Amino acid sequence: MTVQGGGVHVVDHPLVAHKITLMRRKDASTNSFRRLVREVSAMMAYEVLRDVAVQDIEVQTPMETTTGSVMDGKKLVFVSILRAGTGILDGMLDVVPSARVGHIGLYRDPKIRVAVEYYFKMPGDLRERDVVVVDPLLATGSSAVAAVDRLRECHPKSIKFVCLLTCPEGIAAMTRAHPDVPIYTAAIDRELDERGYILPGLGDVGDRIFGTK
């Protein structure tokens, strides 16, 4: 993993890079694209949770009693930005099935390019929980910033943001609004086009995951 300025962490493992390349192909089927999102997300979870708190417990092995480390999944919350965040959420839950889950429903107003909230549901008492916000793309940054703005009202213990791809514009928007929130991504692409899509990018990830394109 490469750590860049502004708290940006690039999970550049060869397996992750390989699968991102397969996802970029416009002829990838809905089934394969959805599977790849899940697989990449699970791989990224290992780096995203590298510093998660653990505690030692006593364990009886077939041979003897020893001490091992475990994490408290109930203190961890994955927050999915609907709808495309669901793809990453599934991969993260494969790694930490005991984690709690929150959802934020946002859509981008096509005229003013501002994120509008339509749904918000979180586990109780976020003050004691570490939050990982997941969304496949950090493009204009409007949804990510709005999601973190809203979560800060609940005063979580910590917040991280995870995406498959981002770009300089998205990073700038997020770090300007929330410089203390680390960004984890599999790749940093070149730029946004005039519509706010990442280039070369992955296209509309929600449509590709759910087959609605």
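**Note on the predicted model: cores, sheet, cysteines and backbone**

1. Of the 31 residues in the largest nonpolar core, those touching the most other members are Ile-20, Met-23, Phe-78, Met-92, Val-132, Val-162 and Leu-164. A nonpolar core is here a set of buried Ala, Val, Leu, Ile, Met, Phe, Trp, Tyr and Cys residues joined through side-chain atoms within 4.5 Å. Two or more residues of this core come from each of helix H1 (14–24), helix H2 (30–48), S5, H3, S8 and H6. H2 provides the largest share, 7 residues. Helices (H or I, at least four residues) and strands (E, at least two) are DSSP runs, numbered from the N terminus.

2. The model is predicted, so local features need pLDDT of at least 70 and side-chain atom pairs count only at pLDDT 80 or more, while totals for chains, interfaces and linings use all residues. Residues are numbered from 1 along each chain as its sequence is written, and side-chain values use heavy atoms, with hydrogens and water left out.

3. On confidence, the protein chain has a mean pLDDT of 92, and 97% of its residues reach 70 or more; pLDDT is the predictor's confidence in each residue, from 0 to 100. Within the protein chain, confidence is lowest in strand S1 (residues 2–4), at a mean of 82, and highest in strand S12 (residues 183–185), at 98.

4. Leaving aside neighbours within four places in sequence, Met-92 is in contact (heavy atoms within 4.5 Å) with Ser-41, Ala-45, Val-48, Phe-78, Val-134 and Val-162. Apart from the core described above lies another, of 25 residues, including Val-8, Met-122, Val-145 and Val-181.

5. An open sheet of 3 strands has the order S9-S11-S13, with parallel pairing. Strand S9 (137–138) and strand S13 (187–188) each have a single partner strand and stand at the edges, so one side of each is left without a neighbour in the sheet. Strands are taken to pair if DSSP finds at least two bridges between them. S9 and strand S11 (residues 165–166) pair in the parallel sense over 2 bridges, and Leu-138 stands opposite Thr-166 in S11.

6. Ile-198 carries the feature "binding site" in UniProt, in an unreviewed entry. UniProt positions are given in the numbering used here, feature names are shortened, and annotations may be inferred rather than shown by experiment. Ile-198 belongs to strand S15 (residues 198–199) and is buried, with 6% relative accessibility. The classes are buried, under 20% relative accessible area; exposed, over 50%; and partly exposed, in between (1.4 Å probe, protein chains only). Not counting residues up to four places away in sequence, Ile-198 touches residues including Leu-137, Leu-138, Leu-165, Thr-166, Cys-167 and Asp-189. Leu-137 and Leu-138 make up S9, and Leu-165 and Thr-166 make up S11.

7. The structure holds 0 disulfides, a disulfide being a pair of cysteine sulfur atoms within 2.5 Å. The sulfur of Cys-163 has its closest cysteine sulfur in Cys-167, at 9.1 Å, which is too far for a bond. Cys-163 is buried, at 0% relative accessibility, and Cys-167 is likewise buried, with a relative accessible area of 0%.

8. Most residues other than glycine have a negative phi, and most peptide bonds are trans. A cis peptide bond joins Leu-82 and Arg-83, with omega about 0°; Arg-83 lies in the loop between strand S5 (76–82) and helix H3 (85–95). Another cis peptide bond joins Leu-199 and Pro-200, again with omega about 0°; Pro-200 is in the loop between S15 and helix H6 (205–210).

9. His-155 has a positive phi of about 55°. His-155 is found in the loop between H4 and strand S10 (158–162) and is partly exposed, with a relative accessible area of 43%.

10. Asp-149 is in helix H4 (residues 142–152) and is partly exposed, with a relative accessible area of 38%. Asp-149 and His-178 are 29 residues apart in sequence, and their C-alpha atoms are 8.5 Å apart in space.
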